[in-house]
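Look at the sequence and the model first, then read on.

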Amino acid sequence: MSSPQLDKTYNPKAVEQQWGAYWAEHKLFQPRPTEESESYSIVIPPPNVTGSLHIGHALNHTLQDILIRWKRMQGLTTLWLPGTDHAGIATQNVVERQLQAEGLGRDDLGRAAFIERVWKWKEQSGNTILAQIQQLGASCDWDRLRFTMDEGLSRAVREVFVRLYEEGLIYRGERLINWCPRCLTALSDIEVEHEDIKGTLYHIRYALTDDPEIYLTVATTRPETLLGDTAVAVHPEDPRYQQFIGKQVKLPLTTRSIPIVADSILVDREFGTGAVKITPAHDFNDFEAGERHGLPSLTILDYKARIDPLGLKNAMVDADILALLSLKSVEDARPIVTEALKQRDLLIQEEDHPMALGKCYRCKTVVEPYLSPQWFVKTAPLAAPAIEAVETGAIRIIPDGWKNNYLGWMRNIKDWCISRQIWWGHQIPAWYCRTCNKEHLLETGHAVGTTAEEGILTEPIRMSCFITSDAKPIVSKTDPTVCPQCGGSDVFQDPDVLDTWFSSALWPFSTLGWPEQTPDLKTFYPTSTLVTGLDILFFWVARMIMMGIKFTGQVPFRDVYIHALVRDAEGQKMSKSKGNVIDPLTKMSQYGTDALRFTLASMASPGRDIKLAEERIEGYRNFATKIWNAGRFIQLYADGAKAAVPPASRPFPDQWILSRLNHCIREVNQALENYRFDQATSHLYQFIWHEYCDWFIELAKPSLQQEHHPDGPVTRQTLVESFEIIQRLLHPVMPFITEEIWQSFPHEGMSIMTQPFPTEHPGWTNSQAEHDYALLQGFVTTTRTGRALLNIPATAPLTIWGTTTNPVETANLQKLQPYIESILRSTLQLTPTATWPSAHILQLVNGNLTVGIPIESNLDLQQVVKKVKKQVEAKHKEYSRLQDRVASPTFREKAEPSVIQESEARLTNLRQELDLLTSSEQQLANMLT
RNA sequence: GGGCGAUUAGCUCAGUGGGAGAGCGCUGCCUUCACACGGCAGAGGCCACUGGUUCGAUCCCAGUAUCGCCCA
């Protein structure tokens with residue numbers, strides 16, 4: 001079977017397109033189950049359906065594809081399952097922005113029409129990212145593509161919800177949650193990002209109700225919320241405040257009095273004045289303190305984080321203040337409140353105070369703690385086995401430095417707020433009977449999430465907030481039509497949807513067909529490896545572990561490989577607003593996909609963020625070209641190869657390169673076993689370029705290029721054979737170029753991707769050949785250094801003199817003579833130095849080698865002398881340091897015998913080298929005079 | 001405030017209880033029939049700082065400084 005010749009230059013674009021289509025057409029990414037083989041599976045971290053491929057995806061997918069291609073070639077039944085995530089809030093925001101551009105809001109469309117619109121958008125843009133993932137070469141089984149809101153996954157979501165509810169692990173309750181006043185929905189704790197800002201600490205006077213002359217000074221960073229205070233807290237053991245505990249203070253700007261309570265948890269005696277206000281409805285710590293002390297909660301902000309006039313009225317705020325503050329934002333309200341305090345001489349002091357501000361992870365709006373009825377997952381019982389799984393090693397986290405991070409978070413896990421007041425997502429499978437819940441549905445009047453004057457609604461009720469936490473839901477796998485309690489048919493579904501991460505948590509098993517016991521689930525679950533970034537360790541990984549164990553009784557994956565974040569060359573996080581985004585697609589078309597993949601893999605060192613510099617991609621593009629040209633060269637000599645000959649019967653360069661190839665195979669496999677993609681690529685690069693191309697091909701040239709050279713046929717065989725193995729070894733990282741090269745050589749089989757991955761050959765490792773190579777390389781580089789030093793062009797044929805310090809090495813050198821002569825294009829005289837025409841020779845020393853290079857009489861030797869002097873100095877320094885050590889009695893007494901032996905041997909060698917160098921220095925000096 | 005990590009050549013980063021490494025960049029030479037996206041040679045580093053452990057520390061330990069991340 002003959003194949004077309006390789007083009008002169010590598011054209012990644014055409015090659016990638018061709019083979020991408022070929023792989024897809026022949027469905028080569030599908031698992032090929034065989035009776036015996038074990039399985040290897042990865043589920044993709046589903047990218048957002050509306051997203052486009054960014055560099056983080058490129059890294060994530062490249063690493064997964066390397067693993068998958070590697071395991072597939074190893075013969076395992078391999079599945080990489082692709083899919084996308086509906087990404088509730090993020091996607092809804094995108095579509096709402098589109099509507100906004102048309103002058104519409106979601107309420108204008110209504111729920112059904114809005115959701116329809118999002119589906120349309122999903123269909124339109126959802127395939128963009130999939131096409132881009134394919135372009136990257138990702139060998140996912142596209143026939144198994146899933147989406148978090150497709151039918152099967154939705155069934156799994158409902159199954160899980162109902163079962164957790166029935167077990168009491170899902171409940172609804174009125175709690176303080178994080179609320180985004182722009183997205184108008186609850187968020188879970190981890191969906192809040194904290195940002196450090198310069199804040200102000202206000203010291204405010206709270207006078208005793210009984211004795212206005214006496215007052216407490218309360219310190220707060222949020223003075224506007226004092227209107228909702230329901231107590232002041234001091235430390236029970238703080239002598240300053242002992243006498244106040246149990247008394248009442250008059251709350252500034254209101255007609256209310258509130259108690260002074262003792263609380264050792266809330267109060268830090270060192271902070272501020274040691275007295276803090278308690279505002280249960282607007283601060284998480286205060287909420288808990290309120291519960292400890294049975295304090296009421298007064299909500300003074302509405303769902304848009306504006307001052308709620310009705311709330312102020314309930315809080316008995318002075319009428320003039322109420323009028324000033326009504327519907328003001330927090331930002332605007334703060335100066336109004338502080339000004340009012342100042343006027344009443346209640347503001348004592350303002351000081352700078354750094355503080356953390358919580359922001360919505362989707363839109364960066366400042367979030368507010370907000371009291372509202374929400375759905376929660378009771379996490380503690382789910383977390384316990386998830387902690388155990390990692391502790392016992394049933395799940396490995398790699399690198400294991402993140403293990404403690406995971407465990408720490410899991411051990412302190414808070415209940416998970418899973419309801420979102422948006423429309424795009426899995427609607428909560430809970431229904432309410434209007435008849436049975438008459439008193440628990442706030443159809444009119446002031447509900448949380450409304451803005452009202454005197455209880456009259458001015459805006460539509462927000463989503464679920466009108467259903468009080470007392471309402472009794474009907475939670476069911478199938479939609480109920482009648483109320484099981486009263487038989488009435490006036491039931492409606494909870495309008496909230498689930499947190500997008502709820503469905504993601506089921507991903508490893510829901511995508512394989514669960515709750516059905518499908519063959520896929522049997523074959524591929526638990527999955528083998530999860531590859532993800534650190535940023536979603538808690539959002540996703542932790543929850544998958546909890547849900548996986550809970551519902552399948554097995555861990556969802558064996559290994560979790562956590563890769564780094566990709567930053568720009570300056571180490572900054574990439575973001576559109578900074579304009580420092582590196583677009584992987586641009587780079588792929590600029591340098592080739594293989595080059596980008598190799599770059600990302602090479603930078604994936606554990607525990608460190610990746611600063612992506614463009615020069616690296618360029619460098620690996622050059623590497624691809626290098627391989628390409630090696631392929632072109634080999635193709636010139638591919639014909640006339642002899643059938644395989646045992647390595648021992650091959651010439652020295654062949655023996656050497658097979659030994660090195662064997663070494664590289666071992667290193668690459670080992671690196672991949674350990675998820676050291678950086679080491680795998682570095683071994684490949686080093687071996688292919690600096691051993692195979694730089695030396696083997698050069699050493700092979702004489703036997704290839706001289707007609708009828710006796711080694712010709714065998715060398716051709718070695719060349720073709722080793723190059724084919726290299727393609728397979730490199731394939732998982734650089735799938736396109738390796739396929740192209742492999743296909744253009746004679747081959748059997750459809751694709752390189754289904755060929756076996758290289759394994760070590762027991763007979764290939766050859767220490768004698770490696771030793772000889774080191775000798776040869778030493779001789780060649782020493783000669784070249786001398787040539788450069790003497791300004792002799794590399795092309796000029798010379799007579800080079802050479803010898804070693806022992807007969808065995810000299811014999812080895814004689815054996816290598818033809819190879820050295822051809823590489824140096826010179827003639828060798830391998831005789832003892834005594835026989836050299838020393839007056840006209842520069843002697844150079846390298847280990848136990850001495851090389852002599854003829855000197856033109858008219859050459860300026862000053863520079864050469866300088867160089868040799870420098871060398872002598874360096875060697876001498878090393879020598880005396882080593883000598884001191886070897887001579888030290890404590891060293892001789894305490895060091896390992898092998899270390900002593902080695903040091904002594906090195907000392908002897910150094911002595912020899914030093915002697916030789918000194919003599920050559922002397923000889924040069926003589927020539928100068 | 002708590003935790004974790006980093007600090008090695010101009011830049012980006014490997015690495016090891018006993019002789020400091022790579023890639024890129026830089027300097028010089030070379031268009032020799034696979035490749036100038038190339039070849040050859042070379043310069044460049046008290047391995048952040050201060051102590052400690054050790055016969056011996058860039059590596060282990062403690063502290064300091066700077067930077068980064070996570071959590072509160």
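In this predicted model, the side chains of glutamate 904 and arginine 892 form a salt bridge, with N and O 2.5 Å apart. A salt bridge here is a side-chain nitrogen of Lys or Arg within 4 Å of a carboxyl oxygen of Asp or Glu. Glutamate 904 belongs to helix α28 (residues 897-928) and arginine 892 to helix α27 (residues 889-894), so the pair ties together parts twelve residues apart in sequence. Helices (H or I, at least four residues) and strands (E, at least two) are DSSP runs, numbered from the N terminus.

Arginine 292 pairs with aspartate 263. Arginine 292 sits in helix α7 (residues 284-293) and aspartate 263 in the loop between β11 (257-262) and β12 (275-278), so parts 29 residues apart in sequence are tied together.

A salt bridge also joins arginine 334 and glutamate 224.

| Salt bridge | N to O distance |
|---|---|
| Glutamate 904 and arginine 892 | 2.5 Å |
| Arginine 292 and aspartate 263 | 3.0 Å |
| Arginine 334 and glutamate 224 | 2.8 Å |

Glutamate 224 is buried at 1% relative accessible area, whereas arginine 334 is partly exposed at 24%. Buried means under 20% relative accessible area, exposed over 50%, and partly exposed in between (1.4 Å probe, protein chains only).

The whole structure holds 45 salt bridges.

Residues are numbered from 1 along each chain as its sequence is written, and chains are lettered from A and ligands numbered from 1 in the order in which they are written. Local features need pLDDT of at least 70, side-chain atom pairs count only at pLDDT 80 or more, and totals for chains, interfaces and linings use all residues, while side-chain values use heavy atoms, leaving out hydrogens and water.
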